[in-house]
Amino acid sequence: MKKILLSFIIGAAASVAAAQPMTWHPVDQMPLLGKAVDDSSTAIRYQRIPDSLETKVKRPDLMWLGRHSAGMALRFASNSPFISVKWHNREKGLMNHQTPTGTRGLDLYTLLPDGSWTFVNTARPDVNNHNTAARVISNMDPEMREYMLYLPLYDGIDSIFIGTSPEAIFTQPSVNLPERKKPIVMYGTSILQGGCANRPGMAHSNIITRRLNREVINLGFSGNGQLDLEIADIIAAIPDPGLVVLDCVPNVNVEQIDTLLVPFYNIIRAAHPTVPILFVEDPLFPHIRFDKEAYNQVTTLNALWKKHYDQLAAKDPNLHYLPADHIMGLDYEATVDGLHFTDLGFLRYANLLEPILRRITLPAD
């Protein structure tokens with residue numbers, strides 16, 4: 001009876017919210033954080049790599065994943081007493097190890113007076129449809145607030161609108177946070193893309209964005225962080241990055257490290273001669289304690305990664321290295337499937353990265 005009553009109350013509240021007068025605002029002109037390329041290079045605004053790569057990349061999955069909106073966030077300001085969102089997901093897929101709120105949902109944060117960001121609520125997707133309209137938060141005092149809306153991690157978005165009360169102000173943000181100068185550029189795998197955070201704001205790249213109040217560009221491609229030189233070209237074209245993080249060891253093999261790592265590095269270094277580059281090892285996943293083949297693979301790749309790093313660092317003082325030891329903690333409880341991080345895993349990784357990134361990119365702090 002309690003469950004039936006609760007369902008009725010939730011349904012009634014949603015009906016009341018839907019019945020409220022509302023104005024839908026396009027966000028095409030609102031600042032979009034986390035995009036490596038110009039809007040003019042993509043037919044759809046909310047994708048991470050340019051359309052021109054369609055005929056250049058060797059694996060179709062890389063282009064497909066590049067159309068996912070991982071790490072992107074919209075900024076806006078409003079004094080509306082409620083915020084709604086309606087959006088169209090390009091895909092309608094479900095995964096057996098990640099929540100729909102993580103793959104296809106959106107996360108709303110607001111800026112506090114001290115300059116920090118705090119979670120407001122999640123826009124949950126309609127798992128049966130491409131289109132969703134969701135009330136994110138209701139019954140607020142009608143005061144101006146700065147907002148950041150994180151986009152889906154494992155899906156793309158064709159269109160998005162923000163709903164407010166008709167009399168409310170909906171405008172450009174007045175505060176330039178997160179800072180967009182010298183963005184942190186992260187390149188990697190499914191873990192960087194956000195697998196398997198329960199909601200977009202818990203991916204470690206997004207946690208770092210809030211912690212440092214610095215834009216982070218997420219170039220994580222599930223299963224496809226394979227040192228494609230086309231992605232190195234994208235990184236090279238980003239104006240004045242503050243740091244480049246190379247975190248792709250889980251997706252590469254010995255041959256790829258031996259043949260592609262140095263050319264990948266050279267492309268970035270030619271464009272950004274003094275930008276710090278952080279090399280990250282493959283995490284020590286829990287199951288490799290028992291799976292000896294997996295253990296040999298991880299340790300072999302990490303040793304080879306470190307060997308190439310040492311050779312490059314002998315001539316380049318702006319290189320840094322993060323070993324695998326404490327990426328997920330030491331209790332083996334931070335993954336959903338032995339490989340991909342839970343929210344706990346992402347939080348631990350962000351806690352490990354934050355002081356390192358501060359030391360490298362924000363020395364004045």
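I began with helix H6, residues 229-237, where Glu-230, Ile-231, Ala-232, Ile-234, Ile-235 and Ala-236 are buried. I note here that the model is predicted. Next I asked what the buried residues of H6 pack against. They pack against helix H2 (60-66), strand S11 (179-188), strand S12 (214-220), strand S13 (243-247) and helix H7 (254-271).

**Entry: H6 and H7**

I took H7 from that list and checked how H6 crosses H7. Their axes come within 8 Å and cross at roughly 20°. Angles under 35 degrees count as roughly parallel, so H6 and H7 are roughly parallel to each other. H6 passes H7 in a right-handed crossing. From H6, the contact uses Leu-229, Ile-231, Ala-232, Asp-233, Ile-235 and Ala-236. From H7, it uses Leu-260, Pro-263, Phe-264, Ile-267, Ile-268 and Ala-271. I sorted the residues of this contact by class: 11 are nonpolar, none is polar and 1 is charged.

**Entry: H7 and H8**

I stayed with H7 and turned to helix H8, residues 292-313. The axes of H7 and H8 come within 10 Å and cross at roughly 30°. H7 and H8 are therefore roughly parallel to each other. H7 passes H8 in a right-handed crossing. Val-254, Ile-257, Asp-258, Leu-261, Val-262 and Tyr-265 of H7 make the contact with Thr-300, Leu-301, Leu-304, Trp-305, His-308 and Leu-312 of H8. By class, I have 9 nonpolar, 2 polar and 1 charged residues for the contact of H7 with H8.

**Entry: the nonpolar cores**

I looked up the largest nonpolar core. It has 39 residues. Which residues have the most contacts inside it? They are Tyr-187, Leu-219, Ile-231 and Phe-279. Ile-231 I had already listed as buried in H6. I then followed Leu-219, leaving aside its neighbours within four places in sequence. Leu-219 is in contact with Ala-36, Arg-48, Val-185, Met-186, Tyr-187, Gly-188, Leu-192, Ile-231, Ile-234 and Ile-235. Another core lies apart from the largest one and has 35 residues, among them Ile-184, Leu-192, Ile-288 and Met-328.

**Entry: helix H5**

Is H5 largely enclosed or open? In H5, 8 of the 9 residues are buried, so H5 is largely enclosed by the rest of the structure. The buried ones are His-204, Ser-205, Asn-206, Ile-207, Ile-208, Thr-209, Arg-210 and Leu-212.

I picked out Thr-209, which is found in H5. Its relative accessible area is 4%, and buried means under 20%, so Thr-209 is buried. Leaving aside neighbours within four places in sequence, Thr-209 is in contact with Tyr-150, Pro-178, Arg-214 and Val-216.

**Entry: H5 against H9**

Helix H5 (residues 204-212) and helix H9 (residues 343-361) pack at an angle of about 45°. Their axes are 9 Å apart. H5 and H9 are therefore oblique to each other. The crossing of H5 and H9 is right-handed. On the H5 side I listed His-204, Ile-207, Ile-208, Arg-211 and Leu-212. They meet Phe-346, Leu-347, Tyr-349, Ala-350, Asn-351, Leu-353, Glu-354, Leu-357 and Arg-358 in H9. The residues of this contact divide into 9 nonpolar, 2 polar and 3 charged.

I checked Tyr-349 of H9 separately. Tyr-349 is buried, with a relative accessible area of 2%. Leaving aside neighbours within four places in sequence, Tyr-349 is in contact with His-204, Asp-247, Val-280, Leu-322, Ile-327 and Phe-341. I also looked up Gln-297, which is 52 residues from Tyr-349 along the chain. Their C-alpha atoms are separated by 22 Å.

**Entry: backbone spots**

Last, I looked at the backbone. H5 is followed by Asn-213, in the loop between H5 and S12. Phi of Asn-213 is near 50°, a positive value in a residue other than glycine. At 14% relative accessibility, Asn-213 counts as buried.

Lys-182 in strand S11 has a positive phi of about 50° although it is not a glycine. Lys-182 is partly exposed, with a relative accessible area of 40%.

I noted cis peptide bonds too. The bond from Leu-177 to Pro-178 is cis, with omega near -10°. Pro-178 is found in the loop between strand S10 (170-171) and S11. The bond from Gly-195 to Cys-196 is cis, with omega near 10°. Cys-196 is found in the loop between helix H4 (190-193) and H5.

Technical notes:
Residues numbered from 1 in each chain as written. Predicted model: local features only at pLDDT ≥ 70, side-chain atom pairs only at ≥ 80, totals over all residues. Heavy atoms only, no water. Buried < 20%, exposed > 50% of the residue type's maximum accessible area, 1.4 Å probe, protein only. Helix = DSSP H or I, 4+ residues; strand = E, 2+ residues; numbered from the N terminus. Contact = heavy atoms within 4.5 Å. Axes fitted to C-alpha atoms, helices over the stretch in contact; angles between N-to-C directions. Parallel < 35°, antiparallel > 145°, perpendicular 65-115°, else oblique. Left-handed = near helix turned anticlockwise from the far one by under 90°. Nonpolar A, V, L, I, M, F, W, Y, C, P; charged D, E, K, R; others polar. Core = buried A, V, L, I, M, F, W, Y, C linked by side-chain atoms within 4.5 Å.
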